[in-house]
Amino acid sequence: MPRFFTVLILLFSSLGLFAQTADLVKGYVVLDNGDTLRGEMRYRSRDGLKDKIYLKISETEKKYLPLMGLKAFQADSLHYVKIELGKKQAFAKELAVGRIDLVEEEYLRDYQGQSLPAYRLYFRLRGTENWEEVKTGGNRWREQMAELMTSSPECTERLQNKNMTPDDLGEIVRQYNAKQK
C-alpha cells in the first residue's frame, strides 16, 4: 500500500512539472546591451504582458528578465519592441515594419471597477524617432493613414471601405510597405 501512494505522489508531482512547461513558447530576447538569449519563454498573464519574462535557456539555465530591461523579444511569430512615448516607455507588438512602422500597445483599462485589456496603435515614418498615436475615434484613423499613404491609391481606397476597422490597419500598412520597396 505505501508503494501505491508513492507512485501516486510521483505521478501528481510530475503532472505539475508538465503544466508549468506547457505554456512555454520558443523565442528570444534582446537585452538593452544588444545581447540575444534564446530559449523557451513565458511572457503573458491573463492581464497581458508580464513585468518579467521567464526564459528557459536550458534545463539548468533559467532566468527572470525584467521586461523594461529588454530592447525587444520574439515569442513564436509575435515580435515586441520597446518604444518611447514621450517620457514613458512601453512594449508594443509590431504589426508592420517598413516605410511606415505600426505597433500595438496593450494596456489595462479600468471599466466599471474591472481591469480589462485595451489597445492603442502607434506609427512612425521611416527615419523618424517619434511614435504618433493612430486616432482611432470615428473615421479619423482613415483620414490620418490615407494622408500617409497618398502614393498608393490602392491602399487609400481600401481605407475608405466601411467594413475596415482599425484592427485591419496592420494588413493595409504591410501592403503599403510592400509596394514602397
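Is glutamine 180 buried or exposed at its relative accessibility? In this predicted model, glutamine 180 has a relative accessibility of 17% and therefore counts as buried, since buried means under 20%.

## The chain as a whole

The chain has 181 residues, and buried residues make up 35% of them. Its secondary structure consists of four helices and ten strands, and when these are read along the sequence they follow the pattern α-β-β-β-β-β-β-β-β-β-β-α-α-α. The accessible surface comes to about 11800 Å², and 51% of that surface belongs to carbon and sulfur atoms.

## Glutamine 180 and its surroundings

Glutamine 180 is found in the segment after α4, the helix that spans 169-179. When its neighbours within four places in sequence are left aside, glutamine 180 is in contact with Arg99, Ser151 and Ser152. With two of these residues the contact is polar and runs from side chain to side chain: the one to arginine 99 is 3.0 Å, and the one to serine 151 is 3.4 Å.

## Glycine 39 in strand β2

Another buried position is glycine 39, which lies in strand β2 (residues 36-45) and has a relative accessibility of 18%. Apart from its neighbours within four places in sequence, glycine 39 is in contact with Val25, Lys26, Gly27, Leu55, Lys56 and Ile57. For lysine 26, the separation from glycine 39 is 13 residues in sequence, while the C-alpha to C-alpha distance is 5.9 Å in space.

## Strand pairing around β5

Strand β5 (residues 70-75) pairs with strand β1 (residues 25-31) in the antiparallel sense, over five bridges, and within this pairing valine 30 has alanine 72 as its bridge partner in β5. Strand β5 is also joined by four bridges to strand β6 (residues 78-85), again with the two strands running antiparallel. Here the bridge partner of alanine 75 is leucine 78 in β6. The hairpin of β5 and β6 has two residues between the strands, and in this hairpin aspartate 76 takes a positive phi near 55 degrees.

## Aromatic rings

The structure holds five aromatic pairs. One of them is formed by phenylalanine 73 and tyrosine 80, whose ring centres are 4.8 Å apart and whose planes stand at 10 degrees, so the pair is stacked. The reason for that label is the angle, because planes under 30 degrees apart count as stacked. Both partners are buried, phenylalanine 73 with a relative accessible area of 0% and tyrosine 80 with one of 5%. These two residues also belong, together with Tyr43 and Phe91, to one aromatic cluster.

Rings also take part in arrangements with charged side chains, and the table sets out two cases in which an arginine lies over a tyrosine ring.

| Arginine | Tyrosine ring | Distance to the ring centre |
|---|---|---|
| Arginine 38 | Tyrosine 28 | 4.9 Å |
| Arginine 120 | Tyrosine 107 | 3.7 Å |

For arginine 38, the part that sits over the ring of tyrosine 28 is the charged end, and arginine 120 lies over the face of tyrosine 107.

Notes. Residues are numbered from 1 along each chain as its sequence is written. This is a predicted model: local features need pLDDT of at least 70, side-chain atom pairs count only at pLDDT 80 or more; totals for chains, interfaces and linings use all residues. Side-chain values use heavy atoms; hydrogens and water are left out. Buried means under 20% relative accessible area, exposed over 50%, partly exposed in between (1.4 Å probe, protein chains only). Contact means heavy atoms within 4.5 Å. Accessible areas come from the Shrake-Rupley method with a 1.4 Å probe; for residues, only the protein chains shown count as cover. Rings of Phe, Tyr and Trp (its six-membered ring) pair if their centres lie within 6.5 Å; planes under 30 degrees apart count as stacked, over 60 as edge-to-face and the rest as tilted. A charge sits over a ring if NZ of Lys or CZ of Arg is within 6 Å of the ring centre and within 35 degrees of the ring normal. Two strands pair if DSSP finds at least two bridges between them. A polar contact is a pair of N or O atoms within 3.5 Å; within protein, one must be able to donate a hydrogen and the other to accept it, and residues adjacent in sequence count only if both atoms are side-chain atoms.
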